[in-house]
Amino acid sequence: MAINCYCIALRRAERKVTSIYDEALKPAGVNIAQFSLLRAIDRSMPVSLSKLGKLTELDRSTVGRNVRVLSRMALVKMLHGEDQREAVVVLTEKAREALVVGAPLWLEAQQKIENTLGVTIAKRLRGLSQRL
């Protein structure tokens, strides 16, 4: 059966792509969503939940839930920021290890996706969210 709905087609493709990354990142102990969030935190640390939401294009409540999961996994710590009213997120040593282990695994998944789609389609895919 052909998929005529772009939304359904993209969601199916997203699930397949996500599973490729999740499988690749298993040795690092994180999934692609967690790995991406850890990378965003690493680049802007210490970072408030509000800023992290803007950086990842996720609403603050989603970021908060995801950060709580990372905290339970002992991958991040919440600290008081300069403004005592807002908490900031920092990585733990365990998170740094997950990033070191995960980086080459992520790159392998990237290459697998690119090899499957072809370079031209992969490049177009990266710009898709900016065009929509």
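This is a predicted model: local features need pLDDT of at least 70, side-chain atom pairs count only at pLDDT 80 or more; totals for chains, interfaces and linings use all residues.
Local features need pLDDT of at least 70 and side-chain atom pairs count only at pLDDT 80 or more, while totals for chains, interfaces and linings use all residues. Residues are numbered from 1 along each chain as its sequence is written, and side-chain values use heavy atoms, with hydrogens and water left out. Helices (H or I, at least four residues) and strands (E, at least two) are DSSP runs numbered from the N terminus.

**Helix packing**

- Helix 2 (residues 32-44) packs on helix 5 (residues 93-117) at an angle of about 115°, with the axes 10 Å apart; axes are lines fitted to C-alpha atoms over the stretch in contact, and angles run from 0 to 180 degrees between N-to-C directions.
- The crossing of helix 2 and helix 5 is left-handed, meaning that the near helix is turned anticlockwise from the far one by less than a right angle (right-handed if clockwise).
- Helix 2 contributes Ile32, Phe35, Leu38, Arg39 and Asp42 to this contact, and helix 5 contributes Ala95, Arg96, Ala98, Leu99, Gly102, Ala103 and Trp106 (contact means heavy atoms within 4.5 Å).
- The residues of the contact of helix 2 with helix 5 comprise 8 nonpolar, 1 polar and 3 charged; Ala, Val, Leu, Ile, Met, Phe, Trp, Tyr, Cys and Pro count as nonpolar, Asp, Glu, Lys and Arg as charged, and the others, Gly among them, as polar.
- Helix 1 and helix 5 cross at roughly 150°, their axes coming within 8 Å, and this crossing is right-handed.
- From helix 1 the contact uses Val17, Ile20, Tyr21, Ala24 and Leu25; from helix 5 it uses Gly102, Leu105, Trp106, Ala109, Gln110, Lys112 and Ile113.
- The contact of helix 1 with helix 5 has 9 nonpolar, 2 polar and 1 charged residues.

**Largest pocket**

- The largest pocket has a volume of about 1600 Å³, which is the space filled by probe spheres set on grid points joined across faces, edges and corners.
- A pocket is an open set of points on a 1 Å grid over the protein atoms alone, where a 1.4 Å probe fits, with protein on both sides within 12 Å along at least five of seven lines; lining residues have an atom within 4 Å of a point.
- Of its 36 lining residues, Glu14, Val17, Tyr21, Ile32 and Leu125 are the closest to the centre.
- Helix 2 gives the most to the lining, with 9 residues.
- The lining divides into 20 nonpolar, 8 polar and 8 charged residues.

**Strand pair**

- Strand 2 (residues 76-80) pairs with strand 3 (residues 87-91) in the antiparallel sense over 5 bridges; pairing requires at least two DSSP bridges.
- A hairpin of 6 residues joins strand 2 to strand 3.
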